[in-house]
Amino acid sequence: MTDNTNSGCPFHSTAPASSDAQWHGAQMDFSKSMSYGDYLGLERILTAQHPLSPEHNEMLFIVQHQTSELWMKLMLHEMHAVVANIQADNLPPAFKMLARVARIMDQLVHAWDVLATMTPPEYTAIRPYLGASSGFQSFQYREIEFILGNKNPNMLAVHETTADNHTRLQAALQSPSIYDEAIRLLARNGFNISPERLNRDWSQPTVADESVKEAWLEVYRDPQKHWALYELAEKLVDMETAFRFWRFRHVTTVERIIGFKTGTGGTAGVSYLRKMLDVVLFPELFALRTAL
């Protein structure tokens, strides 16, 4: 039989725990230095779940939405950097960030798999405790929609009582979206974009423009000549595709759990969410595929 006393394997060693920790050089005393929990603020994060009902399943509902908000925070961090890099004609970092945003959306898609384990009776038991709270009121999600170009000034009304969030959303509403910046980049690279498109009201949703479609067609017909713009376009398509999956998984999960009931925030629930599936963020990038 092999003697595992000094094997260095923490799963098989028969040595005392203290000597095993010393053997691996693990620090055990954090009274004077920053620990893992300190760095991540785990005390605040892990004590932020406060179920209002006696139901076991409410914890799932809370953690699902809190973690989604954390992912959205990271998504916005990346998206704002994408805008800044496109404005500076610095595309390689923007490519990496756009790819990361798409992968974050994949995480959010799979998060619905966990929430879908909640059955209709389980949700019905906690619903009275939710009041009028709803994901519709998420200011981070609204900012994501705005920075992607799905602008709607009426959505600001939901956030009038929270000044900081309202100011932030107002700024996002009135600023060029990621796609607007990509189109301005096309113009800076000599493509003939109509003045009306370049000087439009940024607070309005994206509307398809023939000059933009023609510009992207030129890029796609000669990718080698316009490789950076071609790659940017494909990264944008990847991101919108991931966003569509996220929306679709949302509506199917809601339908599975609550059917066609009205949402807690007063929306039409599934009917409202289905309408969102028809929104196209980057219309010319999808239309050109038929024209190629």
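A residue is counted as buried when its relative accessible area falls under 20%, and in this predicted model Glu240, with a relative accessible area of 1%, is therefore buried. The side chain of Glu240 meets that of Arg244 in a salt bridge, with an N to O distance of 3.2 Å. Arg244, by contrast, is partly exposed, its relative accessible area being 31%. Because the two residues stand four positions apart in helix 12, about one helical turn separates Arg244 from Glu240.

Helix 12, which spans residues 227–258, also contains Arg247, and this residue forms a salt bridge with Glu145 in which the closest N and O atoms are 2.9 Å apart. Glu145 lies in helix 7 (residues 139–147), so that the pair ties together parts that are 102 residues apart in sequence. Both partners, Glu145 and Arg247, are buried.

A further salt bridge joins Arg188 to Asp89, with a separation of 2.7 Å between the closest N and O atoms. Since Arg188 belongs to helix 9 (residues 178–188) and Asp89 to the loop between helix 4 (58–87) and helix 5 (91–115), this pair ties together parts that are 99 residues apart in sequence. Arg188 counts as partly exposed at 41% relative accessibility, and Asp89 is likewise partly exposed, with a relative accessible area of 45%.

Across the whole structure, the search finds 12 salt bridges.

Terms used
Residues numbered from 1 in each chain as written. Predicted model: local features only at pLDDT ≥ 70, side-chain atom pairs only at ≥ 80, totals over all residues. Heavy atoms only, no water. Salt bridge = Lys/Arg side-chain N within 4 Å of Asp/Glu carboxyl O. Buried < 20%, exposed > 50% of the residue type's maximum accessible area, 1.4 Å probe, protein only.
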